[in-house]
Amino acid sequence: LLYTIKFEIMGTWKVASSKVSTTLDRNTREYGKKYMFDGCPDTCWNSDQGETQHIAVKFDQAAKINCIRIQFQGGFAAKACELKINNAVQDTIYPIDTNNVQEFHVDLTSSQLVLHFTEFTDFYGRLIIYLLEFIER
């Protein structure tokens with residue numbers, strides 16, 4: 001008998017540093033950017049209103065990213081997000097308005113990445129993000 005075993009190697013890239021466009025009422029204690037990456041389902045980053053929003057992340061080394069996982073609060077989601085490396089759009093993802101974790105398959109390699117949100121479900125351009133992960137599979 002011959003058995004074939006398939007392994008899926010999966011790793012989540014740790015974000016070394018990040019910057020965001022805005023934080024609701026500048027209240028980083030309750031709504032800061034760190035809460036997107038803390039793994040706690042009860043904490044989130046909450047942007048203030050704006051025509052566009054962005055999240056810039058840096059990794060300790062060049063990260064090969066095959067999947068981006070993101071969880072919005074329904075009603076405060078993005079409709080379109082450009083993925084930029086060195087100010088050049090590499091890909092665009094189109095989230096839906098849901099509370100569920102969404103996965104977007106991409107093919108990116110970089111030590112830094114900007115998620116530039118250009119369309120929103122909220123009239124005022126606010127985002128609420130509970131989870132943001134960058135995965136290599």
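A: Happy to. Cys67 is buried, as its relative accessible area of 0% falls under the 20% limit. Keep in mind that this is a predicted model. The cysteine sulfur closest to that of Cys67 belongs to Cys81, and at 13 Å it is too far away for a bond. Cys40 has a relative accessible area of 28%, so this residue counts as partly exposed. For the sulfur of Cys40, the closest cysteine sulfur is in Cys44, 10.0 Å away, which again is too far for a bond. A disulfide is a covalent bond between the sulfur atoms of two cysteines. With a cut-off of 2.5 Å between the sulfur atoms, the count for this model comes to 0 disulfides.

Now for the nonpolar core. The largest one holds 30 residues, and those touching the most other members are Ile55, Ile65, Leu113, Phe117 and Phe134. Strand 4 (53–72), strand 5 (78–85), strand 7 (102–120) and strand 8 (128–136) are the elements that each give two or more residues to this core. Strand 4 provides the largest share, with 8 residues. Leu113 shows what such a position looks like: setting aside neighbours within four places in sequence, its contacts include Ile55, Ile65 and Phe134. Leu113 is also in contact with Ala56, Val57, Ile68, Leu83, Lys84, Ile85 and Leu108.

Thr23 is placed in the loop between strand 2 (17–20) and helix 1 (28–31), while Asn46 belongs to strand 3 (residues 45–46). Thr23 counts as buried because its relative accessibility is 12%, and Asn46 is buried as well, with a relative accessible area of 9%. In sequence, 23 residues separate Asn46 and Thr23, yet their C-alpha atoms are 5.8 Å apart in space.

Notes. Residues are numbered from 1 along each chain as its sequence is written. This is a predicted model: local features need pLDDT of at least 70, side-chain atom pairs count only at pLDDT 80 or more; totals for chains, interfaces and linings use all residues. Side-chain values use heavy atoms; hydrogens and water are left out. Helices (H or I, at least four residues) and strands (E, at least two) are DSSP runs, numbered from the N terminus. Buried means under 20% relative accessible area, exposed over 50%, partly exposed in between (1.4 Å probe, protein chains only). A nonpolar core is a set of buried Ala, Val, Leu, Ile, Met, Phe, Trp, Tyr and Cys residues joined through side-chain atoms within 4.5 Å. Contact means heavy atoms within 4.5 Å.
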